[in-house]
Amino acid sequence: MSNIRLLTVFITYILLCNHSSGQNNTPQLHTNSIDEVISAMSPEEKVYMVIGNNNNVWRKVQGVGSTWQCERLGITPAILDDGPAGLRMPPQRDGDSHTYYCTAFPTATALAATWNTELVKEVGLAIGNEVLEYGSDVLLAPAVNIQRNPMCGRNFEYYSEDPYLSGYIGSAMVKGVQANGVGATVKHFAANNQETNRKDINEVISQRALRELYLKAFEIIVKEASPWSIMSSYNRINGFYTSENKDLLTTILRNEWNYQGIVMTDWVSGDDAVAQMRAGNDLINPGFPAEYAYYHYNELLSALKDKTLDEDILNRNIHRILSFIKKTPRFNGYIFSSTPNLKAHTQIARNTANETMVLLKNKQETLPLKKTRSIALFGKTSYELITGGTGSGEVNYKHAVSLKEGLKKNKYNLSQSVENLYLTYLDSIRHTDSKNKYVTMNSAEKVITKQFIQKEVSQSDIAIITIGRISGEGEDRNPENYFSLSEIETQLIKNVCDAYHAANKKVIVILNIGGVIETASWKDYPDAILLAWQAGQQGGNAIVDILSGKVTPSGKLPVSFPIAYSDVPSSSFFPGIPQKDPINSFYNEGIYVGYRYYETFNIPTSYEFGYGLSYTNFEYSNIQLDTDTIGNIKVCVTLKNIGRKIGKEIVQLYISAPTTEIDKPLYELKAFAKTTLLKPQESQIVSFLLSAKDLASFQSGISSWVADKGEYILSIGASVKDIRQKVSFHLPSSILVEKVHDVLYPNFSIKDMNSASRKVLKEIPPKRPTKRIPHDFLWHW
């Protein structure tokens, strides 16, 4: 190339740079105020800013979506990735031969079973580091919806049936993630409690149930952890899509809770982009598909031009988005390494998995294993661990440790004939659908004859059976084939137990499951039952750590295990009406979800909320109460390890409030703590601090949180049924703790369950007409 040509190219380059980067005084987000940048935007650029991803920048890196990039104004994209159980990122990148793996941590329900906020924060720190070093800016997690019904396919992504436990475990996750300088996205706001018709279903919920259950975890996280973003849910609440509901997204979220971050939709959510902008849903699913974004682009641009969308509203939303972008690593010039410390994160995953395990049964100290070397390992899931669920909660990890692998690493001898039988079976299943990576997990359990089992009895010291379940986004479970064990599974447990018990040998059942299943009909057969959840890529090692006694189990149930599905208070009207293709889902159980229902209505459970055994025992003593002011109630209790092994205990504080004016559950969790690792005879004082809001219930008629007058009983124990210490105090008169807005009233007449009569009693009439719901939605009324 000649010198003249080189000079011409250089001059042209300089002129272009000057034109695009400030010679014409074009504001730049790095140097000018956000308002100045917004003022310089064209109408088209403003619309791009609220729908994102018009130029697919994110596909050059990775990610499920990104905000819009505008080089002219110095606006960088923010890359968004899924990740409730670890960063969900494709292992391959365009033009790059290297494979990039992430760490699969225990699923959300398993994390909640630790009841350990510091440990969950450590998990968040590790996940956030992978987000940062792999070049993302925002993690689309955690999900904190209430596990209203065991059949929800996405329950494994949610923490608990209790909003207090969900809120504080979720806060710990957000704090950990955001400590890396990347954002967390709390989802799905709100009442995303089913997958059936999730984009159209109308959840009909009383104001009280919304405030006390379905919004409470979000409120706790907003106030405790200040998340960068919140994702509105697909569903409607009381007639309105959540992404189009100003009462939800502005009145409550911003005005009452003082939320400062952005709100984004879920992917392909709602039906009116203008309504979303007005409601305060700042960002519309910044990802695929392109035709959906194009539709909203035209919709918003037309509305802006014909004044059906106030430009000030659009500017307000863009201001929030740009404030959000200015915090991201990419905007601030962070050079990501693509080499997070996966080895260290693997150890965190294992340590965490150890604390998720819940020991449900341990007859005659079957566990930890003693003088056991040879094991007959039954159940196909023993050979292929289920690390987590499907959909947006997946993680692309390098290797998951199965129970078989974990046992062999620890020098246990496994029956070769049993192993060969199952490996051959799994291979045959894979050949039926080689492209489906879940085909073995979703297939039926193998039929094992009594004769085969009998041959194994003499060749092994003990038998272990693993029962597996997997579910995921987009589909709810079925009570017959998910909640209940199949006939093959039940017979396997019974036949193995009969054969081994006849030889005075023991049987252990491992539950590698994402959520609640039926246990009452078969739990008497085995000698020990270990609930291993879906514990991530180190699940096999963690199970063996518990079985061998290297680790004392310390997990406890964040969800109740009912005896039968029919005992679940929402079972008769889940997932909605009509049942095959539901339009409306009526939350007639009101506030009585999970243990609130079982304990108040005296419904027996197979395993209660907060339950979990240990290899040691703990003594609770010396409860003390200090109530100097109603807003500063301090409760202390002493925990002592009176057993023979080291261990941790989860201490739970429940309130039983008076029902002078407002109906109440028998127990409500209001505080919890996990002790340090206590040696035998070692003690620890655990303290709790309660506020006036912790005493209050929501009274719909006056839209207020009210602490009812009367006696308050504070119960501290090892589970909701295993109460060890109690103390009480009297409130001489009712206190209006907080007055809030009268919003989110049901659009249908619904039933409200009442504890006094032990039945559905009080009908709540609708207050306002349905909006944007066709007439045929009302057919059944």
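Student: Is Ser39 buried or exposed?

Tutor: Ser39 is exposed, because its relative accessible area is 63% (buried means under 20%, exposed over 50%, partly exposed in between, with a 1.4 Å probe and protein chains only). This is a predicted model, in which local features need pLDDT of at least 70 and side-chain atom pairs count only at pLDDT 80 or more, while totals for chains, interfaces and linings use all residues. Residues are numbered from 1 along each chain as its sequence is written, and side-chain values use heavy atoms, with hydrogens and water left out.

Student: In which helix does Ser39 lie?

Tutor: Ser39 belongs to helix α2, residues 34–39 (helices are DSSP runs of H or I with at least four residues, strands are runs of E with at least two, both numbered from the N terminus). Between the C-alpha atoms of Ser39 and Phe483, which are 444 residues apart along the chain, the separation is 56 Å.

Student: Which residues touch the most other members of the largest nonpolar core?

Tutor: A nonpolar core is a set of buried Ala, Val, Leu, Ile, Met, Phe, Trp, Tyr and Cys residues joined through side-chain atoms within 4.5 Å. Here the largest has 175 residues, and Phe189, Phe378, Leu407, Tyr500, Leu511 and Leu547 touch the most other members. Helix α6 (residues 163–178) gives the largest share, 7 residues. Another core, of 45 residues, lies apart from it and has Ala273, Val274, Ile284 and Tyr297 among its members.

Student: How many residues of helix α20 are buried?

Tutor: In α20 (residues 539–548), 9 of the 10 residues are buried, and the helix is mostly covered. Leu547 is one of these buried residues. The cover includes α13 (342–356), α14 (403–409), β13 (462–468), β14 (506–512) and β15 (528–531). Gly549 follows α20 and has a positive phi, near 90°.

Student: At what angle do helices α5 and α6 cross?

Tutor: Two packed helices are described by the angle between their axes and the distance between the axes. The axes of α5 (residues 117–133) and α6 cross at roughly 35° and come within 6 Å (axes are lines fitted to C-alpha atoms, for helices over the stretch in contact, with angles from 0 to 180 degrees between N-to-C directions). Residues making the contact (heavy atoms within 4.5 Å) include Val120, Gly124 and Ile127 of α5 and Ile169, Ala172 and Met173 of α6.

Student: What is the order of strands in the sheet of 6 strands?

Tutor: Two strands pair if DSSP finds at least two bridges between them. This open sheet runs β10-β15-β14-β13-β11-β12, with mixed pairing. Its edge strands, β10 (358–362) and β12 (413–414), each pair on one side only. Within the sheet, β14 and β15 run parallel and are joined by 4 bridges; Val509 stands opposite Ile529 in β15. Helix α19 (residues 487–502) packs on the sheet, touching β11 (374–378), β13 and β14, and its direction makes about 170° with that of β13.

Student: Why is strand β22 largely enclosed by the rest of the structure?

Tutor: Strand β22 (residues 668–674) is largely enclosed because 6 of its 7 residues are buried. Strand β21 (residues 650–656) pairs with β22 in the antiparallel sense over 6 bridges, and Leu653 stands opposite Ala671 in β22.
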